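Q: I would like to learn how to read the features of a model like this one. Please show me the structure and take me through it.

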Amino acid sequence: MNPLGWAGYGAQLGRARSTTGHDESVSWERRADAVAISFDFRFLGGSVGTATGDLVEEAFTDAREEGLPVVSVIATGGSRMQEGMASLRQLQRIAYLCSQHADAGLPHVSVLCDPTTGGIWASLGAGADVVLAVPGAQVGFAGSRVRPGPDPAYTSEGQFAAGAVDLVVPPQELGGVLGTLLPLLMGGDLRPASVPRALGKTDLPVDGWDAVTRARAPERPRAGAYLDDFFSVRVPLSGDRAGGVDPGMLCGIGLHEGRAVVYAAQTGTANTPAGFRTASRMVRLAERLGLPVLTLVDTPGAANDAAAERAGIGPAIAELFGVVVAARVPITTLVIGEGGSGGALALSSPDQTWIAPDAYFSVIAPELAAAILKREAEEVAATADQLKLRPQDLVELGIVRGVAGP
């Protein structure tokens with residue numbers, strides 16, 4: 001097809017076919033665990049034309065009919081100039097195919113190779129449920145010949161830092177990561193996730209300040225220990241897809257007692273807007289794939305500095321509140337440390353929240369409550385008692401369902 005009558009285009013196609021042994025820049029095959037779409041950069045820079053769109057549609061249609069995930073292995077410079085707007089319109093076509101695949105409850109994983117630029121990055125690549133990238137690859141909407149200049153932002157690592165890539169994976173490890181990830185994404189067992197066992201202290205605090213002190217103890221088990229104990233295998237997923245990453249919110253999908261569970265876990269820090277948006281992304285992914293969710297609460301409170309306000313901390317928390325309370329999949333929550341105000345509550349299931357013996361949950365930190373009430377420093381401990389923030393207090397008040405056992 002030569003919609004623009006581009007001089008020499010037919011000869012270019014002929015040479016590309018001779019060089020690669022393919023009819024187009026894209027080929028696909030059905031495998032046992034997925035339909036794989038592969039780009040060949042040697043074919044006119046992996047560019048996308050109308051015939052390429054036809055092949056992508058064939059692949060997604062076959063995957064949907066067979067109930068299989070799609071894995072897109074991408075190496076492309078973008079749209080094919082020789083076909084003009086007929087080429088560019090393929091991006092809308094591909095976006096529609098991805099949407100249909102998502103509506104069918106099937107996962108899509110993209111693998112970004114060198115380079116992944118232009119409209120295919122901004123449709124097939126970035127639009128996947130999980131985005132993997134090989135180290136050092138050029139990744140960006142602007143290709144090397146049209147962007148302002150060299151910058152780490154236009155790399156796999158730069159996109160990972162900006163929250164657009166979940167994992168940077170060496171080529172020799174891709175098979176293993178995909179072999180672990182794809183079955184998890186296809187899990188589909190909607191029973192609620194089990195309550196993780198308590199890893200720290202097993203006795204209950206004697207008073208409110210004791211509860212706060214235990215939750216803040218440096219030796220108290222954190223999210224990483226709980227996730228390692230709960231999951232036999234897990235794949236971390238990272239980024240809010242809006243330019244941000246919060247290392248204080250660990251997210252991903254793992255295997256617990258033979259079942260796939262999506263997780264979002266606070267690590268004891270004040271979470272940023274990116275952390276709350278990433279957690280919202282996890283719950284939405286779980287909803288689409290029909291998977292239960294586990295959340296671990298551990299934060300002194302949401303970040304409240306000027307940078308957090310400029311980045312939209314209020315809307316990010318509001319979004320997570322809405323996603324959690326309206327979730328169509330079961331969410332199990334365990335408070336494992338500090339449960340500080342709305343930044344903790346946003347990640348908590350409304351009716352399936354438990355607490356560890358060395359944790360607390362409070363409307364506000366006792367020091368801040370005392371400051372607001374204009375109390376002296378020596379009254380902080382008494383204020384902690386008044387807040388009824390101990391695990392046993394929270395059970396009695398009906399805020400949590402119970403205290404996790406060892």
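Q: Which residues does Asp240 touch, not counting residues up to four places away in sequence?
A: Contact means heavy atoms within 4.5 Å. By that rule, Asp240 touches Ala162, Gly163, Ala274, Arg277 and Thr278. Two notes on the basis. This is a predicted model, where local features need pLDDT of at least 70, side-chain atom pairs count only at pLDDT 80 or more, and totals for chains, interfaces and linings use all residues. Residues are numbered from 1 along each chain as its sequence is written, and side-chain values use heavy atoms, with hydrogens and water left out.

Q: Where is Asp240 placed, and is Asp240 buried or exposed?
A: Helices (H or I, at least four residues) and strands (E, at least two) are DSSP runs, numbered from the N terminus. Asp240 sits in the loop between strand E8 (233–237) and strand E9 (249–256). Buried means under 20% relative accessible area, exposed over 50%, and partly exposed in between (1.4 Å probe, protein chains only). At 8%, Asp240 is buried.

Q: How is Arg89 classed, buried or exposed?
A: Arg89 is exposed, at 52% relative accessible area. Arg89 lies in the loop between H3 and H4.

Q: What span does H4 reach, and what is expected?
A: The expected span of a helix is 1.5 Å times one less than its number of residues. Helix H4 covers residues 90–103, which is 14 residues. From first C-alpha to last, H4 reaches 20 Å, close to the expected 20 Å.

Q: Which residues of H4 are buried?
A: Gln90, Leu91, Ile94, Leu97, Cys98, His101 and Ala102 are buried. Seen down the axis of H4, these buried residues fall within an arc of 140°, so they line one face of the helix. The arc is that of the directions from the helix axis to the C-beta atoms. The face turned away from the buried side carries the exposed residues Gln92, Tyr96 and Asp103.

Q: What covers the buried residues of H4?
A: The cover includes helices H2 (50–66), H3 (84–88), H5 (118–125) and H10 (273–289). Strands E3 (70–76) and E4 (108–117) are also included.

Q: At what angle do H2 and H4 pack?
A: Two packed helices are described by the angle between their axes and the distance between the axes. Axes are lines fitted to C-alpha atoms, for helices over the stretch in contact, and angles run from 0 to 180 degrees between N-to-C directions. Here the angle is about 5°, with the axes 10 Å apart. Angles under 35 degrees count as roughly parallel, over 145 as roughly antiparallel, 65 to 115 as roughly perpendicular and the rest as oblique. H2 and H4 are therefore roughly parallel to each other.

Q: Which residues of H2 meet H4?
A: Those in H2 include Val56, Phe60 and Arg64. Among the partners in H4 are Ile94, Leu97 and His101.

Q: Where does Leu44 lie, and what is its phi?
A: Leu44 lies in the loop between strand E2 (35–39) and H2. Its phi is positive, about 50°, although Leu44 is not a glycine. Leu44 is partly exposed, at 24%.

Q: Which residues does the cis peptide bond join?
A: The cis bond joins Asp114 and Pro115, with omega about -5°. Pro115 is in strand E4.
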